[in-house]
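Hi,

Here is the structure I said I would pass on to you. Have a look at it first, and my notes follow below.

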Amino acid sequence: MSVLDSKVPKGSLKDKWTDYKNHIDLVNPANKRNIDVIVVGTGLAGGSAAATLAELGYNVKTFCYQDSPRRAHSIAAQGGINAAKNYQGDGDSTYRLFYDTVKGGDYRSREANVYRLAEVSANIIDQCVAQGVPFARDYGGLLDNRSFGGVLVSRTFYAKGQTGQQLLLGAYSAMNRQIARGKITPFNRHEMLDVVKVDGKARGIIARDLVTGKIERHSAHAVVIASGGYGNVYFLSTNAMGSNVTASWKIHKKGAFFANPCYTQIHPTCIPRSGDYQSKLTLMSESLRNDGRIWVPKNMDDVMAIREGKKKPTDLTEEQRDYYLERRYPAFGNLVPRDVASRAAKERCDAGYGVNATGEAVYLDFASAIQRYGIEQAKIHNITNASADKIYELGAAIVKAKYGNLFQMYEKIVDQDPYKTPMMIYPAVHYTMGGVWVDYNLMTTIPGCYAIGEANFSDHGANRLGASALMQGLADGYFVLPYTIGDYLSHDIRTGKIPTNTPEFDAAEKEVTERIEFFLNNKGEHSVDYYHKKLGKIMWDKCGMSRNAAGLKEAIEEISALRKDFWLNVNVPGTATEYNEQLAKAGRVADFLELGELFAKDALVREESAGGHFREEHQTEEGEAKRMKEFQFVSAWEYKGEPKDAVLHKEELVYENIEVKERSYK
Amino acid sequence: MNLTLKIWRQIDANDKGKMVDYKVTEISEHMSFLEMMDVLNEQLVNTGEEPVAFDHDCREGICGMCSMYINGEAHGPDRGVTTCQLHMRMFKDGDTITIEPFRAKAFPVIKDLVVDRSAFDRIQHAGGYISVNTSGNTQDANATLISKHAADEAMDAATCIGCGACVASCKNASAMLFVGAKVSQYALLPQGQVEAADRVKNMVAQMDLEGFGNCTNTGACEIECPKGISLENIARMNRELLKANV
């Protein structure tokens, strides 16, 4: 039997969570006052968990590397948040959201977790509205919805193109209320550098104050990791510059299994890169695919003419354009899931049809939407025989109201007006479905150590649907963890405060301090970024949108060699007792250099294509991903020193409430 | 293009600080301002000098972390953008660019261009929330109708990213645009009415305690705000405060 116990409750799918909640052990309010919880990361998952746990009465400490919890990268999520409210009466239900999510994840997620997520999704919207989150409304005063990829209903709630910002500010406001009461102590500009285990349980962390450099010991009865994903292993991604894997990686090295590292989402609509100096990539929300049509020229002559500046995209007639998503996937068209849309863009660009100088861009065109909205508005305003200019003006106003901030962002970066000429887009690393392995309780394989939000692996399988990350982060933090952690903490009511003057804390602090001293004394010849960029290039070239065995084997060798070189030759300036960004980065890149190799190893072992993981050896004749029945399991890796020594454990995935079939969007 | 940078260097909060000149070459006009700073820092690290510390994170204009005062303007010469979205095409070959931290008594310098904006957090702790438990057992989200107009206006106020450009731009280092935006978001929504009076009083009191100045309606904050937060929010905050005190 597998060493992994998912602890999924017995009973029918729709009753599992309710029955579970009815039978867990609770902690009485007086005892909660004697229990401490550490939350690392203050995005949607961490922020909402911290606020709720503090509200329940636990003493919470939060840690974030930013100067305020409000700046966690959840803030950059644009499009929206899914919930099975069925306000549109278009046939949505808890089951359908569950079904779409499991199918969207290419049948590689855990049924019971996904169903629970769908079940609590409606509560999230109620909760956020009560907190004052200004979701978009229609003229009657009811909440408005839009559609996202991979589904046939409108269940996405949004606040302009800034939904993540508004939801995070909602969670931050709930935190603020608890900070004011003294129930949350925030440690901002702090970074967790290790977890401390006592008698096998997570009992605290070692953190570094990023301003003074001071190494601190913090104890607690449970530790919650909510530090997000590891997309920055690619150097270039849509993640924030500071986003890192360190907290997850440190618990991995202390016994938490790391699941499905190779499942990475390459988002189809990002602004193409422009040069070697580029520090990050910018996402253009998937919501744009509600109204934008994706195309490249049909004829190579037109491609060349456009690249040479002899033709403009608007010069091409409808017949000269290849709306390749509409052509290949008539049922879902431009709203196919992200993995499918990204691969289709890569396929066209690899075939030579890319429309910019680097050959890595396709068009996202709003001309037909502007036209369609313009005609509709002319009718609404009773304008007969409206001129083409008038229709354009009316239509552009609607598009501006829907996506204005995204269009402005595009214009500022690219210096082109997307109302007048199609946007250029290309896929970029965006989200990581893989992460720390957790059971149904969201607990890792270290007792008392939890992982929530993007940091865990649980809900999205091999591909995440749009607007589901916000849903999962808030579901975990507001509605799931507060129950499951109580069941664990009910055994800690007599434990008392965890002391920090113990050998376990001494040892963990010593390890952290020695590593910092090593970096500062190394005085090598290359900067931290030099290594990060090299790692990113290996990852993108060999573990990117498509992968093959030969490339993955090379990646493993190259990353391993790069890591050796890093430890010999990295140069970190400054001292340990000051604000030193290079030093902080050095530690993060060191961890990425280990994760990257495990990532490639995981991708090599997974001899199938599933969701975001596309193995060239495993595709159908039409070039679609080909899943293998024998790989219907979660890969959970146990740390044993070097990544090459990591041991694979399998959690078999069982589907009792959904038929596993070919994932078709045609 | 080739540029001369005059950058504020300050070791820590106790250091007096000074402007230091640097040269950067072969800067592409497609680079963002912070990518230009990355080039400078890489250059400094490779020549054994201490890189310039500056705050930055999302690099897409939404987290509010970046905070430079460029050629006498918060977030530089472009409008409606944060420093991370400012592009080098706004500058010319041979330009000299002055780069300073956001300056205000309530924003002490931590190092170089990094300042401490925790005063903003403390103002929010004083009342920047609606006191509703996160149990999920609230009423249905559609139970209270909210007019599209009110929802949109609340959203416009809520779009503030808390960067502090308003404070840095104000000759009085006033935080009223920031506080006004938060007060307005809740004042415009029915959910915010219950605590409206206490909220505005507590937030304004904390704002004063932190050492921010008063508003004298010069409007510099509105012009420099990367998110276009309107001065109307200050007027609304003042009305709310008046209402709360009568």
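In chain A, strand S2 (residues 59-63) pairs with S5(A) in the parallel sense, over four bridges. Within this pairing, Phe63(A) stands opposite Phe187(A) of S5(A). Please keep in mind that this is a predicted model.

The two strands belong to an open sheet of five strands in chain A, ordered S5-S2-S1-S9-S17 and paired in parallel. S5 (184-187) and S17 of chain A stand at the edges, and each has a single partner strand, so one side of each is left without a neighbour in the sheet. On average, neighbouring strands of the sheet are turned by 20° against each other, direction ignored.

A helix goes with this sheet too. Helix H7 (residues 246-253) of chain A lies across strand S1 (36-40), strand S9 (222-225) and S17 of that chain. The angle between H7(A) and S9(A) is about 130°.

Ala467(A) is not a glycine, yet has a positive phi of about 70°. Where does Ala467(A) lie? The residue sits in the loop between strand S17 (449-451) and helix H13 (469-489) of chain A. Ala467(A) has 27 other C-beta atoms within 10 Å, and the cut-off for buried is 20 or more, so Ala467(A) is buried.

The other detail is in chain B. Glu26(B), also a residue other than glycine, has a positive phi, near 55°. Glu26(B) is found in the loop between strand S2 (18-24) and H1 of chain B. Is Glu26(B) buried or exposed? With 8 C-beta neighbours inside 10 Å, Glu26(B) counts as exposed, since the cut-off for that class is 12 or fewer.

Finally, the interface. Here 66 residues of chain B are in contact with 67 residues of chain A. On the chain B side, five elements each supply at least two residues: helix H1 (33-46), strand S6 (109-111), helix H2 (118-125), helix H3 (148-158) and helix H5 (176-187). Which of them gives the most? That is H1(B), with seven residues. By type, the residues on the side of chain B that touches chain A divide into 26 nonpolar, 25 polar and 15 charged.

Best wishes

Note on methods. Residues numbered from 1 in each chain as written. Chains lettered and ligands numbered in written order. Predicted model: local features only at pLDDT ≥ 70, side-chain atom pairs only at ≥ 80, totals over all residues. Contact = placed C-beta atoms within 7 Å. Nonpolar A, V, L, I, M, F, W, Y, C, P; charged D, E, K, R; others polar. Pairing = 2+ DSSP bridges. Axes fitted to C-alpha atoms, helices over the stretch in contact; angles between N-to-C directions.
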